[in-house]
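Dear colleague,

Please find the structure below, together with an account of what was found in it. I would be grateful if you could read the two side by side.

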2 protein chains.
Amino acid sequence: MNSASDSHPELSELPIGIFDSGVGGLTVYRALHEQLPDERFVYLGDTARVPYGTKSLATVERYAIENARFLESHGIKLLVVACNTASALALPAIRQSVGVDVIGVIEPGAKAAIQVAQGGSIGVIATEATVQSRAYATAIEELDKQIQVTERACPLFVSLAEEGWADTDVARAVASKYLSELKASHIRTLVLGCTHYPILKRVIQEAIGPEVLLIDSGEAAAREVQSLLQSRELRHSRNERMASERELCDDLDHFYVTDAAERFSRVAKRFLGVTPSVLEAVEVWGHDELRTH
Amino acid sequence: MNSASDSHPELSELPIGIFDSGVGGLTVYRALHEQLPDERFVYLGDTARVPYGTKSLATVERYAIENARFLESHGIKLLVVACNTASALALPAIRQSVGVDVIGVIEPGAKAAIQVAQGGSIGVIATEATVQSRAYATAIEELDKQIQVTERACPLFVSLAEEGWADTDVARAVASKYLSELKASHIRTLVLGCTHYPILKRVIQEAIGPEVLLIDSGEAAAREVQSLLQSRELRHSRNERMASERELCDDLDHFYVTDAAERFSRVAKRFLGVTPSVLEAVEVWGHDELRTH
């Protein structure tokens, strides 16, 4: 990434930054990669401090700002906050801390849900912190006050996805237990409000029933990124290696983690079918921390 | 705690320090409380950085040292590392960093397992990091080279315990999936090598079969603490409020968390049936960290 920023390229040539609390944001990376095959990406997974979903507002804000600044310092043209919890709790703080445009996953997810719900009620499944923040409910209310929103935290889905148990009887039992009340409340649309949940799409769809439309907030955010780049004239100019030959996790995309790179690779393989070609462990917090006491 | 250290009391009057990556260590606190009703305890749950079980050696060491020093600075006579992952990865580093005696849960758990296994083979269930460290296998081998040890990571057990799903069909399905290979290998004893697992004792016993004896490392560590205090003549002298009236989480025991105290209380209620009377959110890392960037 350094060579890119040293040579002061056109802004449009810079990669898109993505950060997540850990490995879950790879589903958002995949959506962006599919939607924008001409773009390069730099991904940061804060694996030393994952998960954010059980942490407080102040802590999530602090971690999110450190992540955002790390990516900004590596030269990006736009920042995508893939983590739903960070999007729900820390978007204003992140926007104040960096100079580039910042897109979270909550608003795009809320908008997409309203579009397909067509006046029907909306369910949201997410981490404890995201549910407690009511970020999705608030974003939906701001766009349409009439729509009823029901939220439910589903913390076990994260471990199920990371264990590679997406297609097991255990996953089906967990999904049916978590979603029974939402199913009974006859929602029209269900927002997958955590980056891990798309991995469990099939069992979630089974449990909630075929009539409910699932919204992947990461996919919704990818469409928003595309239209923002278009309107800002920031789309990357296609070159011979891009688009046609582009593959997930090839060496045009750079991955950083704050801890345990080997585990990240293993779970990445489970989520995407491939492991990152370029993966590096870094520190995003102050180095002073290591010398205290 | 400050008043205690200001008045330079006898060492034996000081509380016992306990730290854990989060709320799971409350099962170790409970075991210590039952075993040592005359003692006071000061507990630190590192809820801002939980879980440790998916993190690297260097990171776990750093966190563990910060926690240990925080508790030492509050005046304790002995430190119990309740977290299996921290015990497995960071015990030597912790011992170098503080002046008090340090007891982890691995060695006591290994010893207890060997005692009851009577030459039969031993199973260990724990976090990914603890299993990867082979800390239990190494501790058992050091005491008895002949005993066969089989280890298995069971990450979903943590979320199941924290969700309050200990006694559900989902928990039974997860336990039977995790433990099927261990069951087939005819172990004599199974070590519960993560502080959360005693919460799921019943379903674990069901899944592994009634002939396998379960070892709770926290209970084993509590017995070791008792005998160490005895040999060092550090037992607290009984006073009128102690022992007879003592209750879990009463105001003689102090609880600290590094984040999200409200959630800690909620899960504590689930684990112990009560919430801490004295619970405070603190920072254990360098304050410089907050000012960086």
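**Backbone features and buried or exposed sites**

B:Q118 lies in the loop between α5 (106–117) and β5 (122–126) of chain B, where helices (H or I, at least four residues) and strands (E, at least two) are DSSP runs numbered from the N terminus. Please note that this is a predicted model, in which local features need pLDDT of at least 70 and side-chain atom pairs count only at pLDDT 80 or more, while totals for chains, interfaces and linings use all residues. Residues are numbered from 1 along each chain as its sequence is written, and chains are lettered from A and ligands numbered from 1 in the order in which they are written.

The phi angle of B:Q118 is near 45°, a positive value in a residue other than glycine. B:Q118 has 10 other C-beta atoms within 10 Å and is therefore exposed; the term applies to 12 or fewer such neighbours, buried to 20 or more and partly exposed to the range in between, with C-beta atoms placed from the backbone.

A:C249 also has a positive phi, near 65°, and is a residue other than glycine. This residue is placed in the loop between α11 (217–231) and β9 (254–257) of chain A. A:C249 counts as buried because it has 24 C-beta neighbours inside 10 Å.

In chain A, the bond runs from A:V50 to A:P51, with omega near -5°, and A:P51 is found in the loop between β2 (41–45) and α3 (57–73) of chain A. In chain B, the bond joins B:V50 and B:P51, with omega about -5°; B:P51 is found in the loop between β2 (41–45) and α3 of chain B.

**Helix packing in chain B**

Two packed helices are described by the angle between their axes and the distance between the axes. For α5(B) and α11 (residues 217–231) of chain B, the angle is about 100° and the axes are 8 Å apart. Axes are lines fitted to C-alpha atoms, for helices over the stretch in contact, and angles run from 0 to 180 degrees between N-to-C directions. The two helices are therefore roughly perpendicular, a term that covers 65 to 115 degrees (under 35 is roughly parallel, over 145 roughly antiparallel, the rest oblique).

On the α5(B) side the contact is made by B:P108, B:G109, B:K111 and B:A112, and on the α11(B) side by B:S217, B:A220, B:A221, B:R223 and B:E224. Two residues are in contact if their C-beta atoms, placed from the backbone, lie within 7 Å. By class, this contact has four nonpolar, two polar and three charged residues. Ala, Val, Leu, Ile, Met, Phe, Trp, Tyr, Cys and Pro count as nonpolar, Asp, Glu, Lys and Arg as charged, and the others, Gly among them, as polar.

**Chain and domain contacts**

The contact between the chains takes 27 residues from chain B and 27 residues from chain A. On the side of chain B that touches chain A, α9(B) gives the most, with five residues. That side divides into nine nonpolar, seven polar and eleven charged residues.

Chain A is assigned domain 1 (2–104 + 219–291) and domain 2 (107–218), with bounds from an automatic or database domain assignment. Their centres, taken over C-alpha atoms, are separated by 23 Å. Their contact takes 28 residues from domain 1 and 26 residues from domain 2. On the domain 1 side, the largest share, six residues, comes from α11(A).

Yours sincerely
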